[in-house]
Each structure stands twice: as C-alpha cells, then as structure tokens.
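Let's take a walk through this structure together, from the place where two chains meet to the inside of one of them. Keep the model open beside you as you read.

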Amino acid sequence: MNDLIEIRWHGRGGQGAKTASLLLADAAFNTGNYIQGFPEYGPERMGAPITAYNRISKKPITIHTNIYEPDYVVVVDDTLLESVDVTAGLKTTGAIVINTTKSADYLKTVLKGYSGNIYTIDARKVSMETLGKYFPNTPMLAAIVKVANIMSDEELLNDMKGSFKHKFAKKPEVIEGNMKALELALKEVKKV
Amino acid sequence: MSIRERLSGNEAVATAMKQINPDVVAAFPITPSTEIPQYFSTFVANGSVDTEFVAVESEHSAMSACIGAEAAGARAMTATSANGLSLMWEMIYIASSLRLPIVLSLVNRAVSGPLNIHCDHSDAMGVRDSGWIMLFSENNQEAYDNLLMANRIAEHKDVLLPIMVCQDGFITSHSIENIELEEDEKVKEFVGTYKPNHYLLNKEEPIAIGPLDLQSYLFEHKAAQAQAMRNAKNVILEVSKDFEKMAGRKYGLFEEYKLEDAEIAIVCMNSTAGTTKFVVDKLRENGIKAGLLKIRVFRPFPTIEIANALSKLKAVAILDRADPLNNAGGALFEDITSAMYTQNIHVPMVNYIYGIGGRDTKSTDIESVYSDLQKIVETGNIDNPYRYLGLRKEEN
C-alpha cells in the first residue's frame, strides 16, 4: 500500500456507497491507518448520483478537501458511466472498479480511453447469491480492498465480522450473508 | 492513556457532551448539527448521562431554556448551526449580558438566503461581537478538545461568559477521522463540578437576574463584560495548560505552523487550516518559506499576540469564510489589520473571501494564494487587497 491512498466512490442514493466508504474507513482504521471517510452532501434523493470519498494513510491526514485526483475510483452503478465523468482526474497508475456485466469494449469506449487498470465485478450476482437481495455495497467494499491492496483478505474478513456484528446488532440474520458476500466478491473481482 | 477512535466531528462533540454530563441540554435540530442532539438524546435514553434533555420547539427556546437553567444554577449546553443561531440571536445577547457560562457547539453553515446547508462562517460572524467566547476547531479532535475545555473557561470566576466552539459543517462534522479520546473519569475530574457563586435557586441568597438596567449602570455592566472577555485570554491559556497535562495535546491562542522562519503566510480558521498545512509542507519541499497562523481563539481576539507573530513576514493573506458585504474586508482581516496598525507594525496584507456556501477550497486554491503572496513580495505591489478565492469566473 502507498503512504496515502485516495478513493472516490460513485453511486446512486440508496445503494450504500456512503456506507461502503464509511465501512472501508472503519476497516482501514482497525488495521492501524489514519483515515477519512466522507460523502459529498447535496440534495440527495433515492437514485440520484452521489459521491463519497476515502483517504487512507500511514501518516496523520490534515487536508480537508474533496478528492480531485484519486488513486482509485469505485463505480457502484454502471448506469452512471454514461452520465458522470467517473475517470475525471483518476491517476493512470491507479485503477477503476466497476459493478457491471458490460463488455470490455463498451467499458473502454465509455471510459474515454482511460489507460489505467479496469476491474469489474458482478456485485448483483454476488449479492443475490449470498444475501438474496441486491445490496451492492458489501461486494464493492471487498473489491476495492482487493484491487487497492489495502489489507489482506484475512484482515478484511476478520475486521468486517466485528463491524457487521455492530452494524447489524438488530438484524443478526444478515451477518452471515454479508460475510459470504465479502468472501465471494474477493474471488469475483476481475481485471479487464 | 488516550483512546484511539474514529469519529465524525458531530460524534466527537456528542461524546464530549456525554463525558461532561451537563445538567441540562436544550436543543432543536438543524443541519449540519442535528446529529449532536440526536446522539445526545440516545445517551439520555440509555441512561449513560443523567442530563435533563429539553426537546424545545425552536432555537430561540433552546437558548432561553439554557439561560433559565444556568440562571437557576445548572450547567447547560446546546448545539446549532446557521439559521438556528440566527433565531437565537436575541437570547445570545441575554446569555452573555447575564454572565451565564452556557456552552454552545456551533457547526458552521451559511446563513440563508438563498437556502444553503453547507459550510461557511457567516453564522459565527453574525454573533462575533455579542459577548461570547469563540473557539475554532480544525478537525474532530479540536472540536472535542475545545469542548472539554469550554466549561472550565466559561465558568471561571474572572470570566463568567458563554462560550461557543465552532467547527466546519459537513467538512469536519460529517467526516469520519481518527481521534484520541480521553477516559471518562479523567474528563470528569478535569471538567469538575459547577459551583456558581450566585444563582436563582439558592434560598440563602434571594436574587433577581436580568432586571431593568438604564442610564445609571448599563454602561458599567457592559464595561465589566468587556473586562471579563479580556480576562478570558489568560484563563484560556491556563485551562489549555492543564488540558495538556491531562491529554498531552498543546493549545494556545493560535497555532503557528512553520511560521518561525516563514516569509509568506496565510491566516485562517477551522478545516482550511488543515489543507493549508498540507500545502505548506509541499511548498517547503520546494524551498518556499511558507507558513500558517491558525486562529483558535477568535473572541477574545488576541490582538497583540497575533500582530507580533506576523511582524516578521514579508506578506500575509487573511482568509475569511464569510463575505462581509461591506466594502471593507472580512471580519478576520479587519481585526488583524487593525491589530497591526495599533501595534505600529506594517506588513503587506491581502484579504481573500473563500469557501462561501460550502464551495470546496482545494489545495490548488491555497497554492495560488501563496503564489500571489510571492508576487507581492517580489513587486511590492498589493494592487487590490480585497480578493476572492475560488469564485467562478465570468463565462462568455
């Protein structure tokens, strides 16, 4: 992992991109890092495009701005690809991780020739198989941890077990499904 | 041992309030400070505090309830933002003139209109001369630490003034970041018990609070308020010293970041100071002698100390996050230039209005300010001292 990793999330209101960014901040915090996790608040409604951010660093973080040149971008909803400039400022040394089943050719066209690495995962499939419902944020969390090499698979799974216990204290029946979603997503994320 | 945690700015404030465990909290929700009374009300419901939580119907009532509680002899706290503070305005002056050490957490947001929920300092600047002590906080840690110190400062016998602790709406209030928390017992001991000398519910000493005060004495009472504000400066330093003994984190009236050998500097408050530190580090790597003076104590304003701290610089930019709309520069700019003038220190200074209504202040914006300052040093020419930073250019 680099000294400072900057991540930008693109999703739609209600899909949990904000929650995913906060869970990522949690997991990175628990593995000894300095972290920031913050959404860009606007007039959000269910379905409207939203942006959230993470900074993960070995050193204290003082900067308090949005992220304009991220190392990584996570796209939680591929219908945003044609309406939002998701690769804006994205470093070519970094990568973009997209929840999609679309073809490599389509992605290369719609990402306007972005020359960094492109990763995809079918978070819908992972979520339906493990949770029986469509919650893309847990698979996307695992995918970005894997792609950005923020921590080992084992560290992520151990840490998230604790976080889910806390987060889902009132509905413990979903903990196992979410853990399975993480495990499966770690295997399913693929480089295009 | 401090406890390593990660909290948003609002969570940090709510945690401090839980540890302070005041007698009364009266609040009305308003973005972006809503979470503070929201979290606090769960502490009340869970029994982790024994505070009387008053869910009032407006901010005017929130401040009124705090005034009533403090006058009765209790320790009272509240939180608000922007128009919430505007609605309190009448009672803000009553609180300070009655010398009631109420503690308010202000999560800075643009005052309407048009309606905007994001950060600027127009709310705080609207009450800057209302007799409240005002502390500003760069991040969640400082919002927490300043709040832990707030009661001791406000309740000190030489002060007895209300205090507000500010932090930037959303930018820090809603950002999860690392923080060092102090243990409950240590905080309890540090904050201490509130023992007012005079209070309404003392049957041994029947008193009236806030009666008519006409030509004969209002002037003297105002002068006493002003003296209390002057006294607050040393009390803040004393309390900060004690705090450092407990927590190991050092606070002064302001923070000087790489200022000692700096040739050019920015003065600003709250979260932008953090971004400025990031830029200063970057410029220093390239041999540019850049520095920062971050205001912590805005009221009482440390006039002489700031003037001295800036005296050796070749050019200074003062950043104001509230447009004064007055053709005379932002509040911070006015205060600092006035301080310099009265100390007979002349340093070229420019004012930038920035970040209005939550406009993101990028590191490149801050870089551009330092580069402007370099130009001023080179040419000796200020041109226009009243500038904007990050304002949209006119498009043809």
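Strand β2(A) pairs with strand β8 of chain B, residues 176–181, in the antiparallel sense over 2 bridges. To find the spot in this predicted model, look for A:Gly37, whose bridge partner in β8(B) is B:Ile176. Around this pairing, the contact takes 16 residues from chain A and 18 residues from chain B. On the side of chain A that touches chain B, at least two residues each come from α1 (17–30) and β2 (34–40) of chain A. Of these, β2(A) provides the largest share of that side, 5 residues.

The domain assignment for chain B gives domain 1, covering 3–247, and domain 2, covering 254–389. Taken over C-alpha atoms, the centres of domain 1 and domain 2 of chain B are separated by 28 Å. Where these domains touch, the contact takes 29 residues from domain 1 of chain B and 20 residues from domain 2 of chain B. Which elements of chain B give two or more residues to the domain 1 side? They are α5 (122–125), β6 (133–136), β7 (163–168) and α8 (218–247) of chain B. Helix α8(B) gives the most to that side, with 5 residues. The residues on the domain 1 side divide into 14 nonpolar, 9 polar and 6 charged.

Next comes a sheet in chain B. Here 7 strands form an open sheet with mixed pairing, in the order β3-β2-β4-β5-β7-β6-β12. Its edge strands are β3 (52–55) and β12 (297–299) of chain B, each pairing on one side only. From one strand to the next, the twist averages 20°.

Our last stop is strand β10 of chain B, residues 264–269. Is this strand mostly covered or mostly open? It is mostly covered, with 6 of its 6 residues buried. In a regular strand, side chains alternate between the two faces of the sheet. For β10(B), both faces are covered: B:Ile264, B:Ile266 and B:Cys268 are buried on one side, and B:Ala265, B:Val267 and B:Met269 are buried on the other.

Strand β10(B) also has parallel partners. It is joined by 6 bridges to strand β11 of chain B, residues 290–295, and the two run parallel. In this pairing, B:Cys268 stands opposite B:Lys294 of β11(B). Between these strands the chain crosses from β10(B) through helix α9 of chain B, residues 271–285, to β11(B), and this β-α-β crossover is right-handed. A further 4 bridges join β10(B) to strand β13 of chain B, residues 315–320, again running parallel. There, B:Val267 has B:Ile318 in β13(B) as its bridge partner.

Conventions: Residues are numbered from 1 along each chain as its sequence is written. Chains are lettered from A and ligands numbered from 1 in the order in which they are written. This is a predicted model: local features need pLDDT of at least 70, side-chain atom pairs count only at pLDDT 80 or more; totals for chains, interfaces and linings use all residues. A residue is buried if 20 or more other C-beta atoms lie within 10 Å of its own, exposed if 12 or fewer, and partly exposed in between; C-beta atoms are placed from the backbone. Two strands pair if DSSP finds at least two bridges between them. A crossover is right-handed if, with the strands pointing away from the viewer, the path from the first strand over the helix to the second runs clockwise. Domain bounds come from an automatic or database domain assignment. Two residues are in contact if their C-beta atoms, placed from the backbone, lie within 7 Å. Ala, Val, Leu, Ile, Met, Phe, Trp, Tyr, Cys and Pro count as nonpolar, Asp, Glu, Lys and Arg as charged, and the others, Gly among them, as polar. Axes are lines fitted to C-alpha atoms, for helices over the stretch in contact, and angles run from 0 to 180 degrees between N-to-C directions.
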